[in-house]
Amino acid sequence: MPTPTGDRVGDRVGDRAGDKTGAKPRLAAAEVALSVFDHGQAADVALETVCANMEASKDRSLVRRLVHGLMRDWPMVNAHLKTLLHTPLKPKDRLSFFILAVALSELRDGREPDHAVVHCAVEATRLAKAEHLSKLVNAILRRFLREREALEAKWLGRPVMEWGYPQWLIDALAHDWPDEWVDLLAAGNASPPLTLRVNRRHWSREQALDALSKSGMVDRPLPGLADAVMCETRAAIRDVPEFMDGGWSVQDAGAQWAIDWLELSSGQRVLDACAGPGGKAAHCLERADIDLVAVESEPDRLAQVGAGLERLSLSAELICGDATAPDQWWDGQAFDRILIDAPCSATGVIRRHPDIRWLRQPQDIDALVTTQALLLNRLWPLLKPGGILVYVTCSVLARENHQQVQRFLENHSDAKVLDPPSQDESSQGTVPGRAVSVGWQVLPGQNDWDGFYYAALGRLPSA
Ligand SMILES: C[S@@+](CC[C@H](N)C(=O)[O-])C[C@H]1O[C@@H](n2cnc3c(N)ncnc32)[C@H](O)[C@@H]1O
């Protein structure tokens, strides 16, 4: 049974047979950091590879925590390393560089005793077969501990250092959200909750909550969302009762609300145009007996849609294709509902994927805005008159959100903006966010939701 509290210090530093030092998770975290910063790989993908042979789930969680911490600390840690290393390390010693970076971030975090962190880093350097650098690693970390205050004071008051984001992203957030940008930076550095979606084809939310509490987990239903449960116990997802049997999925509240905008009812033909990895496709199918076509351009992500639906005993027509080129896959039958959960900057989910801030580049936003416009323009003709298209992003940038939809409306006289989904009396006012010039924006952290943008567009009957 999972415990509601965290691990003991000894557990986290590493006291398991074979790794008395806690060096392995530190080395693993450095390997992931190297993949992110030197090879542009997403941290989740690198974590999966690096942690594949780690048996203990607490080790995997520790690696994830160290990596996420470093993503938030990167500008400061990088600046410290520039000061502390008189000569930069050679390219072949990049792994040791990242062992140092992980250790500096862990020292700044302060959760473990300083001496334990230094010891782990030295042992990790040996484990990485860089014995010749172990004395240097020890000396650098000890100097940091001696000079920490002066080193940190040098950078005080600089948002890039204080919040750990690139300048271009801080500028973009400050431009779009002049009153909220500091809150947005803070929200991206907070830890996200574990939010679950009850599969109400499998059981009711009351039965699901009952099963959670009987297994010792602390949870609460989320008002305003019919299927959501926030799990306040730190649990591995496989320990959640009936997870493997299809009773649940992991899905943030903001993602769950998207389905309410579709106003689904049985018998409808529905297109999920950007389906991978399949969270919203499954939610649609759990909600109503619909005929779902799920399109995804990445084969691996389409395979995830298939696997997810199988676990939940659901089915859909799966198409690997480019949703901006429907002539390549559309059978000519119009849809009652279209969901465009568009590829986007993911600036609303940085708290879950803190590496996004370093992997995204300003020019990526231009390319994403172009793809989003193509998706809207090319898929609109596939919607029946009287049908609804829902455009969703997990972005907080105006260009991807209300400005994008505004431009679409200027060129489509047969489209009208619909109101947000109605809520019953008991949940009135519990959905966070606000109406923007077109559609609705939830900012990350509001009611502990991820940041999402939603717009529902109704197609008017042809004249
Ligand atoms: C925000 S994610 C969708 C998340 C998904 N709806 C869910 O709830 O799990 C966007 C997806 O669109 C896919 N994508 C990007 N461009 C596409 C295109 N032109 N055609 C189809 N899928 C595309 C990406 O590979 C990615 O899987």
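1. A polar contact here is a pair of N or O atoms within 3.5 Å. The model is predicted, and the contacts below are to be read on that basis.

2. A ligand nitrogen is 3.1 Å from a polar backbone atom of Cys274, and a ligand oxygen is 3.1 Å from a polar backbone atom of Gly278.

3. The ligand has 19 residues around it, of which Glu296, Arg301, Asp322, Ala323 and Asp341 come nearest. By class, the shell holds seven nonpolar, six polar and six charged residues.

4. Turning to the strands, S13 spans residues 452-459, and eight of its eight residues are buried. On one side these are Phe452, Tyr454, Ala456 and Gly458; on the other they are Tyr453, Ala455, Leu457 and Arg459.

5. S13 pairs with strand S9 (residues 383-393) in the antiparallel sense, through six bridges. Within S13, Ala455 is the bridge partner of Tyr391.

6. Strand S10 (residues 415-417) also runs antiparallel to S13, with three bridges between them. Here Val417 has Leu457 of S13 as its bridge partner.

7. Strand S12 (residues 440-442) is joined to S13 by three bridges, again antiparallel. Tyr453 in S13 stands opposite Gln441.

Note on methods. Residues numbered from 1 in each chain as written. Predicted model: local features only at pLDDT ≥ 70, side-chain atom pairs only at ≥ 80, totals over all residues. Heavy atoms only, no water. Buried < 20%, exposed > 50% of the residue type's maximum accessible area, 1.4 Å probe, protein only. Helix = DSSP H or I, 4+ residues; strand = E, 2+ residues; numbered from the N terminus. Pairing = 2+ DSSP bridges. Near = heavy atom within 4 Å. Polar contact = N/O pair within 3.5 Å; in protein donor to acceptor, adjacent residues only side chain to side chain. Nonpolar A, V, L, I, M, F, W, Y, C, P; charged D, E, K, R; others polar.
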